[in-house]
There are 2 protein chains.
Amino acid sequence: MNNLRSQTAPCVLQLGLCDQRATDLAKAKRVQKWQRDPEGMRLRILEAAKQEFAAHGLAGARVDRIAANAGANKRMLYYHVGNKEDLYLAVLEGAYEKIRSEERGLDLEHLDPPEAIERLIDFTWNYFLRNPEFLALLNTENLAKARHLKRSTKVKSMHSPFVEMIRTVVTRGVESGDFRVAVDPVQLYISIAALCFFYLSNSATLSVIFGRDLLKKEARDERLAHMVALVLAALTGKSTADFGNAVGQGTRSPERQPV
Amino acid sequence: MNNLRSQTAPCVLQLGLCDQRATDLAKAKRVQKWQRDPEGMRLRILEAAKQEFAAHGLAGARVDRIAANAGANKRMLYYHVGNKEDLYLAVLEGAYEKIRSEERGLDLEHLDPPEAIERLIDFTWNYFLRNPEFLALLNTENLAKARHLKRSTKVKSMHSPFVEMIRTVVTRGVESGDFRVAVDPVQLYISIAALCFFYLSNSATLSVIFGRDLLKKEARDERLAHMVALVLAALTGKSTADFGNAVGQGTRSPERQPV
DNA sequence: CAGGAAATTAACCCGTTGGATAAATACTGG
DNA sequence: CCAGTATTTATCCAACGGGTTAATTTCCTG
């Protein structure tokens, strides 16, 4: 259809000359047509690749589109990162790095155990909301049965501190009497992630089959309250108001009733 | 690489002649080379397509491979179903049809509310375990933002009875005093599906980052117990033995410790 | 048993796409 | 300011993959 090669955006800071190339080719020669910026270029490539892989999956992603959206030439991808799969793995590693890095700043150690859990849920939920590409990338990688992730050395090492962080919270909660039982921290984290991840990652199909928009503000708030109430009720044994409140909200307004 | 076109498997019931075609071509002419079987062919195509789409996603799926695995010619797909996207939608609709159909047989109405919930979790979990393609298909469709599902008329209509089924259980549970709160049935189902779905759908990456095999028998049993305990504890307010039991199992055996 | 419709096969078409090559241009150290 | 290197651009291409056309074979019906 449309030839992507002709769409390759010129590099940043091109001194506003590219548009007039036709009018004065001779003069253009004396001026800088592009600037070097390897680091910036690499970052823009990775960002564009993240969007592309998230939007279309590994097989559906187009190298040309990534280049175009990065304001680069296709050749640059191979020069700066490598082939399509290398690019994909770099994006994936970056995505894990980013979330685990933010999680490290959660500082759950200084909170009451129930508050710590609530904060973890709140963070996870909002992180997924803010970074929908992350969800899509994980799904893509799981479709590939983690083939690429297995090759990655970086990723494996960055998860044990995170698990330990949760384990500490659980242990403290049991000792303080806030929690009735000492759950396996990995199991607990998977459950928390599951509640957030599935809702958001599958919101498109769920919205269709249940006939309500699961992403609108009220629905999102309701969901967060539901998840916190669910997990805390199970851990502490005490019911919270929110869990009860969530009851009818989704069903009362008639236009949101599933047909 | 290898030319798929030459791999097209002959039709079923070819009277065992195909292997000897080279030896006696003349005689073969007098015998049936293939049999008509439109319904069977359609089914085999859909089954092969399901596997292919589940394994590679929409963009990654190869029409040639589907044809080959269906023991058919590529042209047959277009003859019996339509183009690639039609094929994909047919597969997707069939997948929804199948799970909702099995769910209808659950007969939760005649169980105690807590038992009914446990049974629903148990069924969902095992259905996902038995039908991993279903998970992959849903992920693929969500990557496409439910673009195809929205076009489907069949799918939307088959979910309201299911939601009503759950709503009845919840209402009965509240009336009997088994449940402390009347949760929104959609919210509850999404949570149950989430706990099962995410664990299985993402088991590949999770197994890598947490350094344990989440699909082995013990891990699966442990997970089911954890989920049932989590949901029932939140609904009933009573702790169950399993939730506590699950504590250390994942962490005690040293080889499963995340590094 | 003829003849036409339904089912199946074989071969081809052509735009797309990942990747490669070589040439041009900017920067840097001497 | 010059030579050499790093970065970027402009083309090119062979393989691939979805889809189509046309011929071939089986089955059904009158």
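Predicted model: local features only at pLDDT ≥ 70, side-chain atom pairs only at ≥ 80, totals over all residues.
Local features need pLDDT of at least 70 and side-chain atom pairs count only at pLDDT 80 or more, while totals for chains, interfaces and linings use all residues. Residues are numbered from 1 along each chain as its sequence is written, chains are lettered from A in the order in which they are written, and side-chain values use heavy atoms, with hydrogens and water left out.

**Exercise 1. The interface**

Task: describe the interface of chain A and chain B.

Solution. 
- Start with contacts (heavy atoms within 4.5 Å). 74 residues of chain A touch 74 residues of chain B.
- Take the buried area, the accessible area (1.4 Å probe) lost on putting the two parts together, summed over both. It is about 5,800 Å², 68% of it on carbon and sulfur atoms.
- Look for salt bridges (a side-chain nitrogen of Lys or Arg within 4 Å of a carboxyl oxygen of Asp or Glu). The rule finds two across the interface. Arg212(A) forms a salt bridge with Asp184(B), with the closest N and O atoms 3.1 Å apart.
- Locate the main contributor on chain A. Helix H11 (residues 185-201) of chain A gives the largest share of the side touching chain B, 14 residues. Helices here are DSSP runs (H or I) of at least four residues, numbered from the N terminus.

**Exercise 2. The symmetry**

Task: find how chain A is laid on chain B.

Solution. 
- Superpose by least squares on C-alpha atoms of residues with pLDDT of at least 70 in both copies.
- In chain A, the C-alpha of Ala234(A) is nearest the axis, 2.3 Å from it.
- Check the surfaces: 100% of the contact residues of chain A recur in chain B, so the same surface serves both copies.

**Exercise 3. An aromatic pair**

Task: classify the pair of Trp125(B) and Tyr199(B).

Solution. 
- Apply the rule: ring centres of Phe, Tyr and Trp (its six-membered ring) within 6.5 Å; planes under 30 degrees apart are stacked, over 60 edge-to-face, the rest tilted.
- The count over all chains is 20 aromatic pairs.
- Trp125(B) and Tyr199(B) lie 5.6 Å centre to centre with 55° between the planes, a tilted pair.
- Trp125(B) sits in helix H6 (residues 113-130) of chain B and Tyr199(B) in helix H11 (residues 185-201) of chain B, 74 residues apart.

Key
Helix = DSSP H or I, 4+ residues; strand = E, 2+ residues; numbered from the N terminus.
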